[in-house]
Amino acid sequence: MHTEDVSYPIDGTEHIGYLAFDDASTASRPGVVVCHEGPGLGTHEKVVCEQLAGLGYTAFALDYHGGGAGGLTRDEAMARLGEFRSDAERIRSLAQT
């Protein structure tokens with residue numbers, strides 16, 4: 001299985017997602033985007049990506065917060081997520097990039 005952190009820029013901020021797929025096969029496979037909860041991209045989302053890869057998917061866990069920020073405190077997460085509440089278009093753009 002192939003896994004790697006993937007850096008990608010959005011609006012001048014570096015985001016660091018996580019990619020997993022079965023590299024034993026060269027066949028085309030469907031893709032799945034995994035979205036993290038409030039505290040950010042962490043072990044749980046990476047395990048989910050790896051499980052999906054084991055089922056034949058290419059899985060990518062995105063980084064909503066930027067910088068690969070994971071493990072935010074509840075207050076930090078709520079402050080960042082509060083910004084998204086009023087800007088649904090921003091949430092979509094982070095997932096589509």
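Me: In the hairpin of β1 and β2, which residue takes a positive phi?

Reply: D11 does, with a phi near 50 degrees, and the hairpin has 2 residues between its strands. This is a predicted model, in which local features need pLDDT of at least 70 and side-chain atom pairs count only at pLDDT 80 or more, while totals for chains, interfaces and linings use all residues. Residues are numbered from 1 along each chain as its sequence is written, and side-chain values use heavy atoms, with hydrogens and water left out.

Me: Which elements does the protein chain have, and in what order do they run from the N terminus?

Reply: Helices (H or I, at least four residues) and strands (E, at least two) are DSSP runs, numbered from the N terminus. Here the protein chain has 3 helices and 4 strands, and the elements follow the order β-β-β-α-β-α-α. The radius of gyration is 14 Å, close to the 13 Å of the globule rule for 97 residues, so the protein chain is as compact as a globular protein of that length. That radius is taken over C-alpha atoms, and the rule is 2.2 Å times the number of residues to the power 0.38. Along the principal axes, the C-alpha atoms fill a box of roughly 40 × 25 × 20 Å.

Me: How should I read the pairing of strands, and how many bridges join β1 to β2?

Reply: Strands of a sheet pair through backbone hydrogen bonds, either parallel or antiparallel. Two strands count as paired if DSSP finds at least two bridges between them. Strand β1 (residues 2-10) is joined to β2 by 9 bridges, and the two run antiparallel. Within this pair, P9 stands opposite E14, and E4 stands opposite L19. Strands β2 and β4 also run antiparallel, with 3 bridges; in that pair A20 faces A59 and Y18 faces A61.

Me: What is the order of the strands in the sheet, and which strands stand at the edges?

Reply: The open sheet of 4 strands has the order β1-β2-β4-β3, with mixed pairing. β1 and β3 stand at the edges with a single partner strand each, so one side of each has no neighbour in the sheet. Neighbouring strands are turned by 25 degrees against each other on average, direction ignored. Helix α1 packs on this sheet, touching β1, β2, β3 and β4, and its direction makes about 35 degrees with that of β2. For such angles, axes are lines fitted to C-alpha atoms, for helices over the stretch in contact, and the angles run from 0 to 180 degrees between N-to-C directions. Touching, or contact, means heavy atoms within 4.5 Å.

Me: Which residues make up the largest nonpolar core?

Reply: In soluble globular proteins, nonpolar side chains tend to be buried together. A nonpolar core is a set of buried Ala, Val, Leu, Ile, Met, Phe, Trp, Tyr and Cys residues joined through side-chain atoms within 4.5 Å. The largest one here holds 9 residues: Y18, A20, V34, L41, C49, L52, A53, A59 and A61. Two or more residues come from each of β2 (13-21), α1 (43-54) and β4 (58-61), and α1 supplies the largest share, 3 residues. Leaving aside neighbours within four places in sequence, A20 has contacts that include C49, A53 and A59.

Me: Is V33 buried, partly exposed or exposed?

Reply: Buried means under 20% relative accessible area, exposed over 50%, and partly exposed in between (1.4 Å probe, protein chains only). V33 is partly exposed, at 48%. This residue lies in strand β3 (residues 31-34) and touches F60 and L62, not counting residues up to four places away in sequence.

Me: Where is H65 placed, and is H65 buried or exposed?

Reply: H65 is in the loop between β4 and α2 (74-85). H65 is buried, with a relative accessible area of 11%. Beyond residues up to four places away in sequence, H65 touches several residues, among them H15, H36, L72 and R80. The C-alpha atoms of H65 and E14 are separated by 9.4 Å, although these residues are 51 apart along the chain. Buried residues make up 30% of the 97 in the protein chain.
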